[in-house]
Amino acid sequence: MKSLKNKEVRNKKLSLSFLILTLSTLFAGQLSQSNFEQKEFSSEIKKNTQRDTLLGPVKFSDSSEETSILKKEVSKMWGIQSVDAFKAWQRLKAKGNKKIIVAVIDTGIDLKHPDLIKNLWKNKGEIPGDGIDNDGNGCVDDYHGCNFITKNGDVSDNHGHGSHIAGIIGATHGNGGVAGVVPDVSLMILKYYDPKAPGINNLVNTVEAIKYAVKNKANIINYSGGGLEASPAERKAIEMARKAGVLFVAAAGNERSNSDINGYYPADYKMSNIISVTAVDKNKYVLPSSNYGAASVDLAAPGNKIRSTLPGGKYGIMTGTSQATAFVTGVAALILARFPDFTPQKIIKHLTQTGDLDQRLSGKTKYKKRLNTYRALTILDSGVSASGIVAKNTVNIKKDAFTIKENKGLTTEAFGGTDNSRGLSSFAKSMKEELSKTINTATSR
Ligand SMILES: [Ca+2]
Ligand SMILES: [Ca+2]
C-alpha cells in the first residue's frame, strides 16, 4: 500500500515535473562605470562590527546619479524589493567583497555580460587561452571556472539558466541593467550542464564541480538544480565541502512535492552545511510548483518572474526555486563579507532565524521564515544554538527513488535539464508539454 502510494506520488511528481519559465528579453542597458569603491577587507570587517538594530523606514539620503540608476534597476525587481536588499546596501553599505568566492554550478555564464564581467573569479594558477593546463588540475585554461563537459575553461552559457542565476547573486550595480544581491563578489563558474551536449552525466559533472569548488577555496556553492535520487558520491563531495567550511545553498526543487516525504537531492541530504530553499511569489505564497516541507525546507525566497541577466548581454524573467536559491546565496555572501568568521552553520542560522515570519509558510518551511537581507545583517544571535538550526545528520535515502534517464523522441535541448540525473530547477515554459508527454520514459539510474 505504501509503495503504491509512493509510486503514485512519484508519478505525480514527474507528470508535474516542470517549471514555468518565461523569457522576456530586453536589450542590454547602456554600460556605465560602477563607482562603488572596493574597500579594504580589514576596514570592512572593523566597520561591520557595528551593529545596526534599528529597523525603521529607509531614508534615501543619497541622491547621486549612481543611486538614481540603482533605484531604477530595483524598481523593475520585485524580488530585490521584497528581501529588503536595497535597505542593506544603502544603510549598512553592505555590498559584499571580492574576496568572497561563490561557486555557481550551473549551465555556465555570459562572460561578456556588462553586469557580470567585473565579478568573475580568476584562477591565479592558470594562464587563460594558452591551451595549457598550467595548474595541472585537469582543466585546461580554467581561468573563470571549469566546464566539466569539455574539461576546459569554456564556461559560456548556451542555455540561459546559469547566467540568470549568476546575475541574481552578483550582478554589479549602477549600469542600468539589473542589481545583484551582492554587487561585490567573485563568481566561480562551474558548468555541469550543457543542453547541446547529449549523453552527458550531469550527476558526475556535479560531483566534479563540487570538488573543484572546495579545492579552489569557494566560500559558498550555489546549486540551483537537483534530482530525485540520492547519490553517495555527491553526498561525499558535499561532506568534503562541509569539512572545508563551505556553505551549500540548494534548490528545494520544482516537483510540486512535499520534500518531507519525497527527497530531492542535494537539497535533502540533511547535512549541516546545506540550506534548502523554496520559492515564493510577489504575494508571498509558495509557488504551486515549488517543493515544500515543514521538516526539510529551510527558507523561502523570491522565485517567481525574477528579472536577471541572460546570454548576449540581455535581461529576462525566469521562475523557480533556482531563482530563490540564488537570492539566499547572495545574502549569504553579504553575511560572510560582514562576518568573515561565520561558519556555514552560523550563516544558515542567521538566514533562517532573521527572516520575516509568515504564517503562509506554515507547513511549507521549517522556520516559517522568508529571506530578509537587512535583518540577516543586523540581527545577531537570537538565542538559538547552531546545532538547533539544522536537522540531525540522518539521511533518508530512498532506495527505490528513480529519475528521468532517457528522453526518447526529444532533442536534449527541448528536454531541458532533466535528461540526466541532475536537472535545473527552472525550465522553459516551452518544455512543459514535452515533459508531460515523455514522463513515462523515466527509469532508475
Ligand atoms: Ca587548469
Ligand atoms: Ca592555461
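Colleague: Among contacts in the chain between residues at least 6 apart in sequence, what percentage join residues at least 24 apart?
Modeller: This is a predicted model, with 13 helices and 13 strands in the chain. Two residues count as in contact if their C-beta atoms lie within 7 Å. Taking the contacts between residues at least 6 apart in sequence, the share that joins residues at least 24 apart is 75%.

Colleague: Is Lys 236 buried, partly exposed or exposed?
Modeller: Lys 236 belongs to helix 8, which covers residues 232–243. A residue needs 20 or more C-beta neighbours within 10 Å to be buried, and 12 or fewer to be exposed. Lys 236 has 13 inside 10 Å, so the residue counts as partly exposed.

Colleague: How far apart in space are Lys 236 and Val 207, C-alpha to C-alpha?
Modeller: In sequence, 29 residues separate Lys 236 and Val 207. From C-alpha to C-alpha, the distance between Lys 236 and Val 207 is 8.7 Å.

Colleague: Are helix 7 and helix 8 roughly parallel or roughly antiparallel?
Modeller: Helix 7 spans residues 202–215, and its axis lies 9 Å from that of helix 8. The packing angle is about 10°. Angles under 35 degrees count as roughly parallel, and therefore the two helices are classed as roughly parallel.

Methods. Residues numbered from 1 in each chain as written. Chains lettered and ligands numbered in written order. Predicted model: local features only at pLDDT ≥ 70, side-chain atom pairs only at ≥ 80, totals over all residues. Helix = DSSP H or I, 4+ residues; strand = E, 2+ residues; numbered from the N terminus. Axes fitted to C-alpha atoms, helices over the stretch in contact; angles between N-to-C directions. Parallel < 35°, antiparallel > 145°, perpendicular 65-115°, else oblique.
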